[in-house]
Amino acid sequence: MNYRLELLSDNEFENLVNTICQDILGTGVVVFSKGKDGGRDGRFEGKANHYPSSSENWKGTFIIQSKHTTNPIASCSDSDFRTIINKEIESLKMLKNAENIDNYLLFTNRKYSGITGDSFRKKIKRDVNLDNVAVIGLETINNQYLNSNKKIVKQYGLDKLILPFDFSEEEIRDVIIEFKKQLEDVKDCIKKKVEEVKYDYKGIKIQDKNEKNSLGKEYFEQEIVGKSLEHFNKIDRFLESPKNSDFKDSYYDCINELSQVILIHRDDFGAFEEVLFYIYKLVCDGSTALKGSKRFVSVFLHYMYYTCSIGLK
């Protein structure tokens, strides 16, 4: 299960993090009251129960910090998180000058980007002069600390905050990978303006569709029209090719499933571009097979939207 931790308040997320730490470190975790806490939400002294593992236990003074966001698609690679890290480093330096610190755990409900997340971990270690530092993102919180501890899930009502999207993203990955392979074969010389006319084929004014779905004008013009529309005719030719009948079946299975999931859980998001980007991240994250083809995930999602396969007509 993936839990929608962005729906928690900052205080609820801090409490959740400290409860997790009481499990992995020990019941001696001291929770600080809300307010100016000197750059810490919790503290522990001693030998960890099972962190980072049961065989290798960190020990000494632990400082626990949580950084919560209400943005459902936030990532550790976002520029604002870099600013947060820099401010946190300055607070840690002052705290380290005032008292001894051996271990630092930073929890965030942002998606963890391996390269960026590890660079932040190394930066904190270097700048603050700490041996043991961990930046713990959304995936680890969900998979390692919540799915294995239903007591904490029930304590914080997280079973009511299950991530809404659960669809067979493997199918659309396969379609996109094959489309990329055949891209040279389906290229055409149809001008962009002709495509714009063609893809208004149902007589539905796209502006009306955008308004019904709360899709922003700037996103539509820059991302859908500006970057994706030129590929829509190529997708048509790819799906119409007899040799791609299996991929066509997979594509329509996917949009049938996806359109229902979006319809049921539409109210869990704001603008429709949030839905599209969330699905993009869900399909792309952790997929090495999509390397070099990720941009076409957005193209296919925009194609689905433009041809009224997803979203309100």
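The legends below describe close-up views of a predicted model. Residues are numbered from 1 along each chain as its sequence is written, and side-chain values use heavy atoms, with hydrogens and water left out. In this predicted model, local features need pLDDT of at least 70 and side-chain atom pairs count only at pLDDT 80 or more, while totals for chains, interfaces and linings use all residues.

**View 1. Packing of helix α13 (residues 272-284) on helix α14 (residues 295-306).** Helices (H or I, at least four residues) and strands (E, at least two) are DSSP runs, numbered from the N terminus. The two axes lie 10 Å apart at an angle of about 140 degrees, which makes α13 oblique to α14. Axes are lines fitted to C-alpha atoms, for helices over the stretch in contact, and angles run from 0 to 180 degrees between N-to-C directions; under 35 degrees counts as roughly parallel, over 145 as roughly antiparallel, 65 to 115 as roughly perpendicular and the rest as oblique. Contact (heavy atoms within 4.5 Å) joins residues of α13, including Phe272 and Tyr280, to residues of α14, including Leu301 and Tyr305.

**View 2. Burial of helix α11 (residues 232-240).** Seven of the nine residues are buried (under 20% relative accessible area, with exposed over 50% and partly exposed in between; 1.4 Å probe, protein chains only). Among them are Phe232, Lys234, Asp236 and Leu239.

**View 3. Pairing of strand β3 (residues 57-67) with β4.** The strands run parallel and are joined by six bridges. Ile64 has Leu105 of β4 as its bridge partner.

Methods
Two strands pair if DSSP finds at least two bridges between them.
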